[in-house]
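I set down here what I looked up in this structure, entry by entry. The sequence and the model come first.

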Amino acid sequence: FWLFAGYAGWGPKQLSGELERLSWYMCATDSQTLLKELARQSSGVDPRDAGLETWELLMNMIGRGETANDCSGNFDDLMLKEWGRGHLLKGYGGEVGVARNPLWGGGGGGGFLEEMDGSSVDDKMKEAADMALTEDLKAGTLLRGSSADRSPFLLRKQELHHSLLLVIVEDDKATVACMLNHPATKGYDIVGYSKGAASLPLRYGGDFALKGQSPLIWLHCSQKLRDSGVGSSLSGQNEGIYKCEQEQALEAISYGIATPSDFLVISGVCVWPKLGGSLANEVKRGVFEVVPNEKQSLVIETLQTQTILTKDNLAENIKRTQDAWDKAADPDSSCTSTGTDVVLTTGIGEGFDEDDDTVVFNSDKKVSELADDALQKWIATFLLGAPTLT
């Protein structure tokens with residue numbers, strides 16, 4: 001017998017549309033072949049392979065072996081293997097999905113097909129409420145995405161991988177923050193600048209907007225502008241990153257107090273409800289790391305060198321994000337990357353180690369590098385609108 005958990009479904013004409021777009025290959029085979037393959041899988045196929053061996057077998061059967069070979073080991077295959085590791089692999093304690101959140105340990109809360117009774121739900125909510133009482137984040141705190149070799153944002157929310165996140169609202173209901181490091185393809189044109197036409201990159205800050213407030217958030221970290229009374233300190237300590245009204249920023253530029261590059265202009269925010277997994281809890285788990293206050297100016301100055309996103313400067317903008325992320329590191333923190341350039345030679349062959357979880361299963365691809373690739377794919381797809389660029 002074979003036991004299956006869940007099924008795949010399509011809406012009316014959805015599957016036929018996918019066939020027309022060549023998302024699938026038609027494969028005529030007999031039931032005996034499939035049964036033999038299922039029997040083979042049950043006797044030792046590693047879940048981390050994510051069914052790729054079966055797919056290659058069927059591709060060869062329909063005369064498309066060359067196509068299968070051409071794409072073997074590409075980005076999509078590597079991501080699928082990581083999905084298999086995160087959702088199908090059984091841990092030492094019997095839990096499934098050991099890599100769902102690699103920083104949270106074990107199956108990481110919410111395991112595969114996990115069910116909770118009423119008391120368990122109450123316990124979870126009480127635990128979240130108790131943890132909310134010990135929040136230590138405040139507005140003006142700058143965070144950076146985890147430095148772990150195995151990024152918690154590999155399989156989801158790739159835009160947060162090596163991100164720089166600024167907390168702008170902190171209350172008893174939620175934490176509101178915005179990403180600073182994602183220039184979009186549009187700019188804000190500055191009118192009346194003494195040195196001629198200028199355009200600031202609009203930055204994607206998140207999927208939400210603050211109700212009743214301007215859709216654009218203007219930020220600066222300039223001592224000159226602080227002394228001139230432009231904006232107010234997010235932390236309330238008359239230091240760090242300041243938030244100002246659009247009119248204030250434009251007026252400061254027109255009077256020559258500021259230059260356009262003194263500001264970051266953000267569109268959108270991210271929201272972490274306190275009872276849904278607060279941002280402070282994610283900091284405690286290592287998903288995000290606090291940037292020292294003395295590093296804030298340096299980080300902002302580096303981000304200010306980014307430009308409006310184009311196909312030509314995609315790689316350069318990402319490089320400047322990485323530079324800013326590197327500069328944001330806390331030298332006194334134990335949260336540092338443990339990557340190594342040593343070539344692995346044990347296991348299935350040279351360059352591979354099937355027990356080393358810093359590389360993708362049955363490959364020599366570092367998981368940290370795959371996370372970087374996934375971030376670039378996300379930017380190319382959702383900010384640049386060019387999913388096939390990378």
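In which sense do β4 and β5 pair, and over how many bridges? I found that β4 and β5 pair in the antiparallel sense, over five bridges. I took helices (H or I, at least four residues) and strands (E, at least two) as DSSP runs, numbered from the N terminus, and two strands as paired if DSSP finds at least two bridges between them.

**Basis.** I worked on a predicted model, in which local features need pLDDT of at least 70 and side-chain atom pairs count only at pLDDT 80 or more, while totals for chains, interfaces and linings use all residues. Residues are numbered from 1 along each chain as its sequence is written, and side-chain values use heavy atoms, with hydrogens and water left out.

**Overview.** I noted 12 helices and 11 strands in the protein. Of its 390 residues, 40% are buried; buried means under 20% relative accessible area, exposed over 50%, and partly exposed in between (1.4 Å probe, protein chains only). Among contacts between residues at least 6 apart in sequence, 65% join residues at least 24 apart, contact meaning heavy atoms within 4.5 Å.

**Strand β5.** I returned to β5 (residues 198-204), where six of the seven residues are buried.

**K186.** I then looked up K186, which lies in strand β4. Its relative accessibility is 60%, so K186 counts as exposed. Leaving aside neighbours within four places in sequence, I listed L200, P201, L202 and I308 as its contacts. The C-alpha atoms of K186 and L200 are separated by 8.5 Å, the two residues being 14 apart along the chain.

**The five-stranded sheet.** I traced an open sheet of five strands in the order β10-β3-β2-β1-β11, with antiparallel pairing. The edges are β10 (270-273) and β11 (288-290); each has a single partner strand, so one side of each is left without a neighbour in the sheet. On average, neighbouring strands of this sheet are turned by 35° against each other, direction ignored. Within the sheet, I recorded five bridges in the antiparallel pairing of β2 (residues 164-170) with β3 (residues 174-179), and V176 in β3 is the bridge partner of V169.

**Helix α8.** I found A249, A252 and I253 buried in α8 (residues 246-254). Seen down the axis, the buried residues of α8 fall within an arc of 100°, so they line one face of the helix; the arc is that of the directions from the helix axis to the C-beta atoms. They pack against β4 (183-190), β6 (216-220), α7 (223-227), β8 (242-244) and β9 (263-267). Just after α8, I noted a positive phi of about 80° at G256.

**Helices α5 and α12.** I looked up how α5 (residues 75-87) packs with α12 (residues 367-383): the angle is about 115° and the axes are 11 Å apart. Axes are lines fitted to C-alpha atoms, for helices over the stretch in contact, and angles run from 0 to 180 degrees between N-to-C directions. On the α5 side I listed F75, L78, M79 and E82, which meet V367, L370, D373, A374 and K377 in α12.
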